[in-house]
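Look at the sequence and the structure below.

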Amino acid sequence: MNKPKLGFITPGGLIGLAVSVALIILAVLVFGNQIFSPGGLNQNTSGKVMGGISSHAELSKTCKGCHPAPWAIPDQNDLCLDCHQEVARQLADRKTLHGAVWTIGVQAKCRDCHTEHLGPDSNLTTYGGEGFPHELVGFSLTAHNNPDWDRDLSCLDCHPTSLQYFAQSSCQNCHLEINGSFMSAHINAYGPVCLACHDGRETINNDYAHDQGSFLLEGAHQEVTCKACHAGSTTLDSFKQTSTTCLSCHEQDDIHQKTLGESCEECHSPAGWIPTTFDHLSTGFPLTFGHSGLECSDCHEDRLTFQGTTAVCFSCHEADDPHLHLFGETCNECHNTIRWGDVSFDHTGPYTQYCSACHLDDKPQNHYQGECSACHQTS
């Protein structure tokens, strides 16, 4: 009785098996692990040496460099991070590129976004930015989701070579197309580093609602350019910290040379540096009638001694005194601010007994030499 044959275990089958094994061993010796590779590895390099190599292509004959045994620990993700230690550090910081991506799915693997064996010149990154929390890296895309723009933005508009690289020129190139004249002036005023002031959530320009802050733009201030007050400001903080004191901008206009302090608003207003709106009543010397139309310089000639100026009439009206100082310097006992010629002297006062002090020239010849009051009355 013939025994049944055990499949390929025949003299011919054994010979075929031996030949196949020999061919595989020969191929491995000649071609290395490439015989099992589904495609070439990427040869692009950043110039850095990581894990002893500068590109994945150098691992083409060392599969275990990226592919551990199924039962081995660490796994493939760990091997990636052993070389790419900067990425490993980023995963612990949500404000970095990989840290922010990690918040989308903490179970994600490196190969979910970085696919190999697509050829030496292939793109290693296949992640398209879907769901990326951009605000975590310091720049929100809220203000860039503008339906009025001609096209939708893509990652490549700002990151043309790598998602980890931001091209500063991308801000200028795009916004010069939107508003060329404004953007040119803006760059000349504040420089090209847009991210120093802008974070994607707001815009600071001539349309900025200044009344939302602590300094309302009114009067002549509405015509002033941003650079006039914010010269040298290159960050949001420096804009917000700009001084709101008048002298910070108007020191060169201060003809008083700081002798009146720095509270310019006590006399001046945004309507215009001139005229002033000082309330003279606060000094105890109200400007009424004839005094109301005077210029400050009529009484304060040098504009440096406003404070402490005497209120004595004689200080201004000595040249108008026809009495030659006979009645002292209290002009206001007879005169008022309506008109210098309107006199309201009260004869019942202390001058009654000194008639000749005023009326000596009125005395006719051969006049009575006694007291005037013997014949004349003050009424």
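In this predicted model, a polar atom in the side chain of His134 lies 2.6 Å from the backbone oxygen of Phe139. His134 sits in the loop between helix H5 (110–113) and helix H6 (155–158). Is His134 buried or exposed? His134 has a relative accessible area of 17%, and it counts as buried because the cut-off for that word is under 20%. Setting aside neighbours within four places in sequence, the residues in contact with His134 are Phe139, Leu141 and His159.

Other buried residues are found in helix H7, which covers residues 169–178. Ser170, Cys171 and Gln172 are buried there. The cover over the buried residues of H7 includes H6 and helix H8 (180–190).

Next comes the nonpolar core. Which residues make up the largest one? It has 5 residues in all: Ala100, Val101, Cys113, Tyr127 and Phe132. Apart from neighbours within four places in sequence, Tyr127 is in contact with Val101, Ile104, Cys113, Phe132 and Leu163.

Charged side chains are the next topic. A search of the whole structure finds 1 salt bridge. The side chains of Arg89 and Glu86 form this bridge, at 3.0 Å from N to O. Both residues belong to helix H3 (residues 85–90), and because they are 3 residues apart in that helix, about one helical turn separates them. Arg89 is exposed, at 51% relative accessibility. Glu86, with a relative accessible area of 43%, is partly exposed.

Now consider the cysteines. How many disulfides does the structure hold? The number is 0. Cys83 is in no disulfide, and the nearest cysteine sulfur, which belongs to Cys66, is 7.2 Å away. Cys249 is in no disulfide either; its nearest cysteine sulfur is that of Cys229, at 3.9 Å.

Most residues other than glycine have a negative phi, and most peptide bonds are trans. The bond joining Ile73 and Pro74 is a cis peptide bond, with omega about 15°. Pro74 lies in the loop between helix H1 (11–31) and helix H2 (76–83). Phe289 is not a glycine, but its phi is positive, near 50°. Phe289 belongs to the loop between helix H11 (247–250) and helix H12 (296–299), and it is exposed, with a relative accessible area of 55%. Asn366 also has a positive phi, near 55°. Asn366 is found in the segment after helix H14 (356–359), and at 82% relative accessibility it is exposed.

Finally, step back to the whole chain. The chain contains 14 helices and 0 strands. Of its 379 residues, 16% are buried. Among contacts with a separation of 6 or more, 46% come from residues 24 or more positions apart. The chain exposes about 27700 Å², and carbon and sulfur atoms supply 57% of that area.

Notes
Residues numbered from 1 in each chain as written. Predicted model: local features only at pLDDT ≥ 70, side-chain atom pairs only at ≥ 80, totals over all residues. Heavy atoms only, no water. Helix = DSSP H or I, 4+ residues; strand = E, 2+ residues; numbered from the N terminus. Buried < 20%, exposed > 50% of the residue type's maximum accessible area, 1.4 Å probe, protein only. Polar contact = N/O pair within 3.5 Å; in protein donor to acceptor, adjacent residues only side chain to side chain. Contact = heavy atoms within 4.5 Å. Core = buried A, V, L, I, M, F, W, Y, C linked by side-chain atoms within 4.5 Å. Salt bridge = Lys/Arg side-chain N within 4 Å of Asp/Glu carboxyl O. Disulfide = S-S within 2.5 Å. Areas by Shrake-Rupley, 256 points an atom, 1.4 Å probe, with all protein chains shown as cover.
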